[in-house]
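Reader: I am new to reading protein structures. Could you show me how to go through one, feature by feature?

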Amino acid sequence: MRFWVMKSLLAAPLLAALVTTALTSASVPSACAASDDRKAAQAADDILATLRALPGDRGDLEEGNSRRVCLRLGGDAIHSEAAWPMSAVIASKYTAGVEPGAAYNADTTGVLLGDGPRGMEPTPFVQALMAAGVVRRVPVTWVVHTTHPGTPTAAQLGLHDLDDSSEPRPSEPPPANVEATMRFDGDLFLGSGPEIVGHFEIPPDERGRIGAVSIPPLLGTTSPPSGVTSASRYCYALAPQRVLEYGPLQTIEPGHQRITVAVLMTPEQVPGWASDPRVLEVFAPQFIRPQQVFLATFDNFGDGWKKFGLTFAKDLAETGHYVGE
């Protein structure tokens, strides 16, 4: 009896239309949500591909133009001092250069991680790198040429004997400069190899600042070997592995989308000396992590995903899509 009643009711065109509309309306929100999820997942995958395509040998991950991260070296990491006593050049103009040799010449490449007089003790950080075989002590000979004015005589100063009744004599010309050349033994701590070159560097805006290690010029020139650099930080590239979580895909305005993602990244290279306590102390509180999560917000104005200056972590906390550990 109930079956026939229901059948008769559905046979009415108006009631059938109302039932169909109700069932269809109930499925629309879930269908839209599923479509939005798929679009957000695709955007996260596109960002992963974008990160993988970024260069790993320059730039900075936080600036959005690279897969590379950089760790600052502590103030005690590198020590540099003159190979000669200050008394040797005080009150003088001087030039200093290193005699070219087998280990330091115009063709030398590497990273200078300290220098000073012969036999100086390197910093604990440099000792750790020397123990790992990536930094060596390079003995060199400095040639220092000094110039200072000679000591003037009384006549050159325009002074005469007061008892001398003769006519004043014209002043003598100023004394000639006194020049001297001295040699001093020194040591350079030079890093080389793929674990050092291309990783230790100093940004262009820090070169020449007080406290920065000055690269010794070669004798007879004012320039150091072009292949030798100094360092104030250590940089390494990260390899994006997979998306861990992504937030909702938002349309900020027509043609402008935004999404926040968390990506698991691992270093492309972890040097053996990275876990040495003497190295960890210099990098502290940072260190080379075996895994790290890169959390960032990206914008797309129709020309690809680019890192936004701020990160909206709240998007993940409230409506994030968890992908994996």
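**Strands, charges and rings**

Author: Let's start with a pair of strands: strand S8 (residues 233-246) and S10 pair in the antiparallel sense over seven bridges. Two strands count as a pair if DSSP finds at least two bridges between them. Helices (H or I, at least four residues) and strands (E, at least two) are DSSP runs, numbered from the N terminus. Please keep in mind that this is a predicted model, where local features need pLDDT of at least 70 and side-chain atom pairs count only at pLDDT 80 or more, while totals for chains, interfaces and linings use all residues. Residues are numbered from 1 along each chain as its sequence is written, and side-chain values use heavy atoms, with hydrogens and water left out.

Reader: Which residue in S10 is the bridge partner of Ala239?

Author: The partner of Ala239 is Thr266. S10 also runs antiparallel to strand S9 (residues 250-253), and three bridges join them. There, Thr251 stands opposite Gln257 of S10. S9 and S10 form a hairpin with two residues between them, and Gly255 in the turn has a positive phi of about 85°.

Reader: How many bridges join S10 to strand S11?

Author: Nine bridges link S10 to S11 (residues 292-300), and the two run antiparallel.

Reader: Is S10 largely enclosed or open, and why?

Author: To read this, look at relative accessible area: buried means under 20%, exposed over 50%, and partly exposed in between (1.4 Å probe, protein chains only). Eleven of the twelve residues of S10 (residues 256-267) are buried, so the strand is largely enclosed by the rest of the structure.

Reader: Now charges. How many salt bridges are there?

Author: Side chains of opposite charge can pair when their charged atoms come close. The rule is a side-chain nitrogen of Lys or Arg within 4 Å of a carboxyl oxygen of Asp or Glu. By this rule the count is twelve salt bridges. One of them joins Glu206 and Arg72, at 2.7 Å from N to O. Glu206 lies in the loop between strand S6 (200-201) and S7 and Arg72 in strand S1 (residues 68-72), so the pair ties together parts that are 134 residues apart in sequence. Glu206 is buried, at 14% relative accessible area, whereas Arg72 is partly exposed at 40%.

Reader: Where does Arg233 find its partner?

Author: Arg233 meets Glu201 in a salt bridge (2.6 Å, N to O). Arg233 is in strand S8 and Glu201 in strand S6, 32 residues apart. Both Arg233 and Glu201 are buried. Salt bridges that share partners also join Arg118, Arg137, Asp185 and Asp187 into one network.

Reader: And rings: how many aromatic pairs are there?

Author: Rings of Phe, Tyr and Trp (its six-membered ring) pair if their centres lie within 6.5 Å; planes under 30 degrees apart count as stacked, over 60 as edge-to-face and the rest as tilted. The count comes to eleven aromatic pairs. In one of them, the rings of Trp84 and Tyr94 have centres 6.0 Å apart and planes at 75°, so the pair is edge-to-face. Trp84 is buried at 10% relative accessibility, while Tyr94 is partly exposed at 38%. Trp84 also forms a tilted pair with Phe184, 6.4 Å centre to centre with 45° between the planes.
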